[in-house]
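Here is a short tour of a ligand site and of some aromatic rings. Please keep the viewer open as you read.

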Amino acid sequence: MSRIVYVNGQYVPEDQAMVSIFDRGFLMADGVYEVTTVLGGKLIDFHGHAARLTRSLGELEMAPPLNAENLLQIHRELVSRNGLDEGLIYLQVTRGAPGDRDFSFPDPAKTPSSLVMFTQSLPYLIDNPAAKRGLKVISIDDIRWGRRDIKTVQLLYPSMGKMMAKKAGCDDAWLVEDGLVTEGTSNNAHIVKDGVIITRHLSSDILHGITRAAVLRFARSAQMKVEERAFTLEEAKAADEAFITSASAFVLPVVEIDGAPVGTGTPGPVAAKLREIYLDESLKTAI
Ligand code: PDD
């Protein structure tokens with residue numbers, strides 16, 4: 001059965017969905033996106049994703065296509081039309097299609113932003129074998145632009161990073177700038193040393209992960225110690241544990257960095273506990 005996707009006000013079968021070749025997302029990567037997880041047919045942290053979308057749009061002076069209430073309704077409609085139980089909803093807003101190629105932004109009164117959304121069914125988000133196995137990562141230079149806090153669709157370097165990891169027989173890459181870990185290619189990076197969770201502080205150097213925020217909130221409520229500061233690659237390699245967070249990964253342990261084991265080289269108890277708390281709490285508040 002073909003997926004039903006949403007394109008600028010219409011629900012259509014995926015093979016009939018169309019956007020213009022002049023769309024600025026296509027020509028200039030002039031667009032932002034969000035990925036919201038669906039578990040048991042319900043949305044995890046929808047309002048966090050909607051708030052970050054508003055911020056990304058604001059930072060790029062892009063007109064919001066719809067308000068959060070309307071977006072929520074489309075998310076729910078897509079879940080229902082596609083019978084989605086476990087998976088993701090991808091949402092992308094671009095600065096529209098002005099009808100030609102031009103570096104200058106088009107007048108938003110004449111060129112409305114474009115909104116595309118689709119579902120991805122992923123039945124192994126909760127029962128992810130990587131939670132028991134742990135991830136192997138390599139480190140690579142972070143050569144992305146300086147506004148990583150805006151969730152833009154410029155994902156060429158993160159894609160290249162995933163390919164570099166794959167070629168090295170690993171799962172993912174951690175990005176390093178001036179000796180300090182910024183984040184993973186598509187997730188936030190964290191380490192644990194002497195019981196303290198250490199995670200890079202928020203700035204324009206990293207994406208302000210919605211999962212990161214929730215996990216840190218749950219960790220603090222569980223009386224775990226959290227330090228928000230930059231950490232070096234060397235500290236990560238010498239940590240007791242390392243883990244990543246993202247909407248689709250939740251919390252996943254990292255057991256190897258650049259071929260060297262982290263801690264015991266097996267998934268650690270802090271990451272396992274955070275994954276459990278995160279899933280419990282998120283399922284309770286899913287909408
Ligand atoms: N990626 N950092 C980067 C660079 C990311 O691309 C993501 C998300 C995160 C984690 O953010 P959140 O917890 O809000 O998902 C951090 C999504 C899942 C993706 O591109 O598919």
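The text below looks at the ligand and its shell, then at the aromatic pairs.

Keep in mind that this is a predicted model. Let's start with the ligand, which has 19 residues around it; Tyr33, Arg52, Glu183, Ile210 and Thr211 come nearest. The shell is made up of five nonpolar, 10 polar and four charged residues. Elements that each supply at least two residues of the shell include strand S3 (31–39), helix H2 (46–59) and helix H6 (210–221). Both domain 1 (4–121) and domain 2 (130–285) give residues to this shell, so the ligand lies between them.

| Residue | Part of the residue | Distance to a ligand oxygen atom |
|---|---|---|
| Arg52 | side-chain N or O atom | 2.8 Å |
| Ile210 | backbone N or O atom | 2.8 Å |
| Thr211 | polar side-chain atom | 2.6 Å |

Taken alone the ligand exposes 480 Å², and the protein buries 89% of that.

Now for the rings: the structure holds six aromatic pairs. One of them is stacked and joins Tyr33 to Tyr90, at 5.5 Å centre to centre with 25° between the planes. This pair links distant parts of the chain, as Tyr33 in strand S3 and Tyr90 in strand S5 (residues 87–94) are 57 residues apart. Tyr33 is buried at 11% relative accessible area, and Tyr90 counts as buried at 15%. Phe218 and Tyr278 form a pair with centres 6.3 Å apart and planes at 55°, so this pair is tilted. Phe218 and Tyr278 are both buried. Finally, Tyr33 and Tyr90 form one aromatic cluster with Phe118.

Note on methods. Residues are numbered from 1 along each chain as its sequence is written. This is a predicted model: local features need pLDDT of at least 70, side-chain atom pairs count only at pLDDT 80 or more; totals for chains, interfaces and linings use all residues. Side-chain values use heavy atoms; hydrogens and water are left out. A residue is near a molecule or strand if one of its heavy atoms lies within 4 Å of it. A polar contact is a pair of N or O atoms within 3.5 Å; within protein, one must be able to donate a hydrogen and the other to accept it, and residues adjacent in sequence count only if both atoms are side-chain atoms. Accessible areas come from the Shrake-Rupley method with a 1.4 Å probe; for residues, only the protein chains shown count as cover. Helices (H or I, at least four residues) and strands (E, at least two) are DSSP runs, numbered from the N terminus. Ala, Val, Leu, Ile, Met, Phe, Trp, Tyr, Cys and Pro count as nonpolar, Asp, Glu, Lys and Arg as charged, and the others, Gly among them, as polar. Domain bounds come from an automatic or database domain assignment. Rings of Phe, Tyr and Trp (its six-membered ring) pair if their centres lie within 6.5 Å; planes under 30 degrees apart count as stacked, over 60 as edge-to-face and the rest as tilted. Buried means under 20% relative accessible area, exposed over 50%, partly exposed in between (1.4 Å probe, protein chains only).
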